Amino acid sequence: MMTIWKHIDAVLIINLDESKARWSRMMERLENIVPLEKVHRIPAMRGTDLPGYLQRPWFRSRTGGRAETCAGAAGCALSHARALQYALKHDGWNTVLVLEDDAVLKESKWRTLGDQLTGFMESNQVWEIIYLGYSESPKWAGETSWFNIFHCSGVPGTFSMLLHRRAWEKLLSGLPEEENAWSWLAQYKAIDYWLKNWVTPFSSVYYITPSLVGHPDGEISDITRKATLLPLKTPALQITEKEWKRKYGLLKSVWVHICLQWGRTCRYSRTYLLGFSGGKRAFLLSSLDEPDYGTEKMAGIGNSRSRRMGLMFILYSFCLCLSFLFNIYLFRPGESPELSWLGWFSSGFLLAWLLLIAFKFKWLGFLFLPVLAFTIWVTCYVFFIFGAYINYEIVASMMEANRQEILPYCSWENILTSACLLVFPLWGVHYVHKRLASRITWRHLLIGGILYGFSLLCFLPVAWRQDQANIHTGYYAKSAWWPLADIRANYKRVKEYIKKGGRQFYEIMCLPSMAELPSRCVLEPQEEITLILHIGESVRADHLQINGYKRPTNPFLVHRAKNLVSFPDCHSFGLVTRVSLVGMLTDAEVMRRIPRYASFLDLFNKHGYETAAVLSRPSSIHDFPLEILTSSANRQAYISPCSGEGTGMFDSTVRKVREIEASMKGTRRLILFYDSGAHPFFSSFNGNKQWLPDSYPVNSPLEHLSKVINAYDNNLLEIDREIEHILKLVEHKNAVFIHVSDHGVALGEDGRFGQGNLALPVRKPAFFIWMSDQFIQRHQEKFRNLKANAVKSVSHDYLLHTLLSLAGIESSLGKKELDLTGESAVPFVAPIREDILMGEQKNSW
């Protein structure tokens, strides 16, 4: 047995200065087992002497009689820190046995298992902690090559630990000092819990069974002031070394660490706000300046009932506050104030009722509350940031967003908010169900339903008295059904999008070709012609200098004004790219939303044109219509949108168009290219900027409109440079350049931002045509007619027919009244209903 002590350099015994009797008893127990020259006494720290004891914020009324227990736990952690500091002062020590003064070494066990422990310490060169005694067995025990020594998943009890020097500094860095003892205790609860949860999963920790060290029967603990517990006899579940590595491998350890960090944060916050817990029947400390109700009063029936009523009052008040802040249908312009107040109370009562149901039924709460929280957040985000209610087009924009469009919104605050919306409802359901579910009765659910029903009945006399029910019922219905109204509406929009979107993509893939229609090319055989169609993104007409805008956003186009014709009053086919592309590239019209034929590229191929399409690489459904409708081009090339290469945001686009134009050998050419243009987020490129500041928080664009407009105008300036580079390629040829944007963008008009809404600038995209001197000389009449028609109101309907005329193609599909190069063009006067533009009609884009 004596061989074990050759491997243990010292025995450190933690003992309070005033506990001399315990020290004497301890030495008597060690006399025949431990070489006394290896014994060192470590003066223990008494927690009641620490600064901050019985003071806020750590000690409050709920701590009660456990204040002294908390002080003992703090003193225990500090005492073990002292022992490690003492060990580190001795350079010749490698292994120490740390004992508390109530430990009892079992002589018979030491004689039986001492040699096995010695062999393990000699053969294992990575062990850090070996538990020789513990209050209860661990949950898992990983098998080793030693019969009685196992990997340890953590055990409670620090009264007997064998520590190697490899662990001393690691443990000491995690243990508290006197200044932070209470905050450390608030996070980790006690040193044995800290060792079990924060050290064991990430260290080489073992335990020996049966234990070599125990407690004397009936010994009073200096920490809990109660008789110590004997070790529990329940054995640990033994698993193989391979299973141990799977359970406590790297990924498992990382996940455990994340969970522990979350629990530590919650425990610290709860303790800082409420004080250390004292248990359900703890009495209140008289030393705290708070009323003492006594233990019997806390457990009484009357107090329980009053507490329930208080909790219900808090719940209803909380829900009314949430409704007032996040119910976007309340107090809208033109709405009756009385109905708004009724809607507020109704939605607050409904929300409280839903929360009671979720808290009563645990799994229903787990499923429903995250959906509820996320729906409220998304609806409010769209409303307060973009000034719009969620509609079909907004749902489509969200579903079709690509990586480039999503990244600006992946800010830390949005990521953190999303995580909180997932975690906090789940934690709330778990906490409430664990602590308060038994207090939520069927009577509470019935009362909640009655309150909500009564608030709905109050609507009838108010509406009848004002004689305005036909005006305000819609707003009131949404506000009174909030938040269920949002969940139902958003579900319908998403379902409609999935059903309608998939069908529409399939339909445009199956459209017949325009080349099947009778047509002919009237160009002279020897005439070479180059047509370039630039489909812009979110370029609004009223921000172009060529249309009278106050800022020089198009200096290069202004310089080419004599060859340029702009149409400032153009109406878009749709409010989002996916829809507008169908109107621009097919024969669909604003008032006839269903295309009958595929894109015009087939028609150009039929008449000898060499066609090419330069596209941003499709990364979402957002780009699928363009990908489908340009699939008949002779060549498709892809660019990385807004790559930021060089000094401009469109350098890659210009290079690709230049390469394709140079490689074309035919006499008739059509190049179509599309890039991200002035798509939000506007300040996300590295080009030259003329108007500053132009950087704004993506979560609050309406609050920084001047910066938003600066960023948008800088984008237009960059687009102007891009177009200038393209025009230089063809200015000495017989060429036509057409720029038409898919839609505009709202920059604060009517409190709205972005596309997908009915703000007027969203419906007014840019549309202009540039012709080379050679083309104008050949087709002077067409150029004159374009200038004459520039004052007319036009739409995307005119693009197809104008392009065919410029290309010299006559087709039975052509309409003279929509050809801007002819004398018969008529203004666009058809009224555009909101339901048409929002895509809410069945079987239409």
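Trainee: Which residues form the nonpolar patch on the surface?
Mentor: In this predicted model, Trp262, Leu422, Val423, Phe424, Trp427 and Tyr431 form that patch, with about 530 Å² of accessible area together. Patch residues have over 30% relative accessible area and no salt bridge, and nonpolar side chains (Val, Leu, Ile, Met, Phe, Trp, Tyr) are joined within 5 Å.

Trainee: Is Val423 buried or exposed, or in between?
Mentor: Val423 counts as partly exposed because its relative accessibility is 31%, where buried means under 20%, exposed over 50% and partly exposed in between, with a 1.4 Å probe and protein chains only.

Trainee: Switching topic, where is His743?
Mentor: His743 is in the loop between β19 (735–741) and β20 (746–747), and His743 counts as buried because its relative accessibility is 0%.

Trainee: What is His743 in contact with?
Mentor: Beyond its neighbours within four places in sequence, its contacts (heavy atoms within 4.5 Å) include Glu537, Ser572, Thr577, Gln755 and Pro765.

Trainee: Where is confidence lowest and highest?
Mentor: By pLDDT, the predictor's confidence in each residue from 0 to 100, helix α9 (residues 295–298) is lowest at a mean of 32, and strand β22 (residues 767–771) is highest at 97. The protein chain averages 81, and 81% of the residues score at least 70.

Trainee: What about residues 280–304?
Mentor: There pLDDT stays under 50, and the model has 30 contacts beyond four places in sequence for that stretch.

Trainee: Which conventions apply?
Mentor: Residues are numbered from 1 along each chain as its sequence is written, and side-chain values use heavy atoms, leaving out hydrogens and water. Local features need pLDDT of at least 70 and side-chain atom pairs count only at 80 or more, while totals for chains, interfaces and linings use all residues.

Definitions and conventions: Helix = DSSP H or I, 4+ residues; strand = E, 2+ residues; numbered from the N terminus. Patch = residues over 30% accessible without salt bridge, like charges linked within 9 Å, V, L, I, M, F, W, Y side chains within 5 Å. Areas by Shrake-Rupley, 256 points an atom, 1.4 Å probe, with all protein chains shown as cover. Salt bridge = Lys/Arg side-chain N within 4 Å of Asp/Glu carboxyl O.
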